[in-house]
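Biologist: Please take a close look at one part of this model, the packing of its helices. I would like one connected account.

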Amino acid sequence: METLYHQTNKQIQEVQFHMGRLETTDRQSVHLLENELQARIDQIFNQLERLEMLASKEPPNRRQNAKLRVDQLKYDVQHLQTALRNFQHRRYSREAQEREREELLSQSFTTNDADTSIPIDETLQFNSGLQNAHRGMDDLLGSGSSILNGLRDQRSTLKGTHKKMLDVANMLGLSNTVMRLIEKRASQDKFMMMAGMLATCFVMFLVVKYLS
């Protein structure tokens with residue numbers, strides 16, 4: 001199990017390194033890098049399934065620790081998956097806006113009569129302003145979605161970790177006072193997470209209302 005664990009951890013670090021290249025890769029090659037990163041992430045998920053099975057077969061005195069280490073790897077790769085999807089969403093939106101702008105610029109404007117004219121410059125300026133506003137809103141919504149997904153993943157990981165900590169505490173025979181402290185900390189983490197989600201939703205609502 002140790003060999004597979006270190007191999008998976010190394011692969012996660014490699015994906016993190018290549019994720020930093022997404023913003024600097026040219027448009028013709030960025031989708032190839034996205035496909036490569038997605039293939040690596042899928043491979044890591046498959047290896048995590050094997051690690052979970054191996055962790056469940058560990059001796060009782062090492063099983064809980066092994067499962068906690070696998071959960072941490074799972075959280076890391078889920079964060080990478082969310083970041084990749086967020087980048088793809090921003091790229092698709094940006095490319096769609098660029099296509100719309102090119103189509104608008106390629107249109108031929110005509111007048112119906114001598115008294116009718118089309119203020120092309122004002123129309124393009126207004127359209128550019130709308131596109132910038134939409135781009136900003138898409139980026140914010142994408143970031144908000146990434147944050148919410150990360151918080152949900154973290155909540156799931158924390159719940160599993162909390163349960164395993166309680167199992168370990170029971171197995172080691174810790175006092176009731178220590179058990180209550182663990183449960184109090186878990187409750188505080190839960191409230192902090194909910195407050196962060198509500199604050200994010202409120203900010204997104206204000207921005208959407210303002211830009212609309």
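Modeller: Axes here are lines fitted to C-alpha atoms over the stretch in contact, and angles run from 0 to 180 degrees between N-to-C directions. The model is predicted. On that basis, helix 1 and helix 2 (residues 27-56) have axes that come within 10 Å and cross at roughly 160°. Angles over 145 degrees count as roughly antiparallel, and helix 1 and helix 2 are therefore roughly antiparallel to each other. Their crossing is left-handed. On the helix 1 side, the residues in contact with helix 2 are Leu 4, Tyr 5, Gln 7, Thr 8, Gln 11, Ile 12, Glu 14, Val 15, His 18 and Met 19. Helix 2 contributes Leu 33, Leu 37, Arg 40, Ile 41, Gln 43, Ile 44, Gln 47, Leu 48, Arg 50, Leu 51 and Leu 54. Sorted by class, this contact holds 12 nonpolar, 6 polar and 3 charged residues.

Helix 1 (residues 2-19) also packs against helix 3 (residues 60-106), with axes that come within 11 Å and cross at roughly 25°. Angles under 35 degrees count as roughly parallel, so helix 1 and helix 3 are roughly parallel to each other. The crossing of helix 1 and helix 3 is left-handed. From helix 1, the residues that meet helix 3 are Glu 2, Tyr 5, Thr 8, Asn 9, Ile 12, Val 15, Gln 16 and Met 19. Their partners in helix 3 are Arg 69, Leu 73, Asp 76, Val 77, Leu 80, Ala 83 and Leu 84. By class, the contact of helix 1 with helix 3 comes to 9 nonpolar, 3 polar and 3 charged residues.

The charged end of Arg 69 sits over the ring of Tyr 5, 3.9 Å from the ring centre. As for aromatic pairs, the count is 0.

The remaining pair is helix 2 with helix 3. The axes of helix 2 and helix 3 come within 10 Å and cross at roughly 160°, so these two helices are roughly antiparallel to each other. The crossing of helix 2 and helix 3 is left-handed, and their contact has 16 nonpolar, 6 polar and 9 charged residues.

Methods. Residues are numbered from 1 along each chain as its sequence is written. This is a predicted model: local features need pLDDT of at least 70, side-chain atom pairs count only at pLDDT 80 or more; totals for chains, interfaces and linings use all residues. Side-chain values use heavy atoms; hydrogens and water are left out. Rings of Phe, Tyr and Trp (its six-membered ring) pair if their centres lie within 6.5 Å; planes under 30 degrees apart count as stacked, over 60 as edge-to-face and the rest as tilted. A charge sits over a ring if NZ of Lys or CZ of Arg is within 6 Å of the ring centre and within 35 degrees of the ring normal. Helices (H or I, at least four residues) and strands (E, at least two) are DSSP runs, numbered from the N terminus. Angles under 35 degrees count as roughly parallel, over 145 as roughly antiparallel, 65 to 115 as roughly perpendicular and the rest as oblique. A crossing is left-handed if the near helix is turned anticlockwise from the far one by less than a right angle, and right-handed if clockwise. Contact means heavy atoms within 4.5 Å. Ala, Val, Leu, Ile, Met, Phe, Trp, Tyr, Cys and Pro count as nonpolar, Asp, Glu, Lys and Arg as charged, and the others, Gly among them, as polar.
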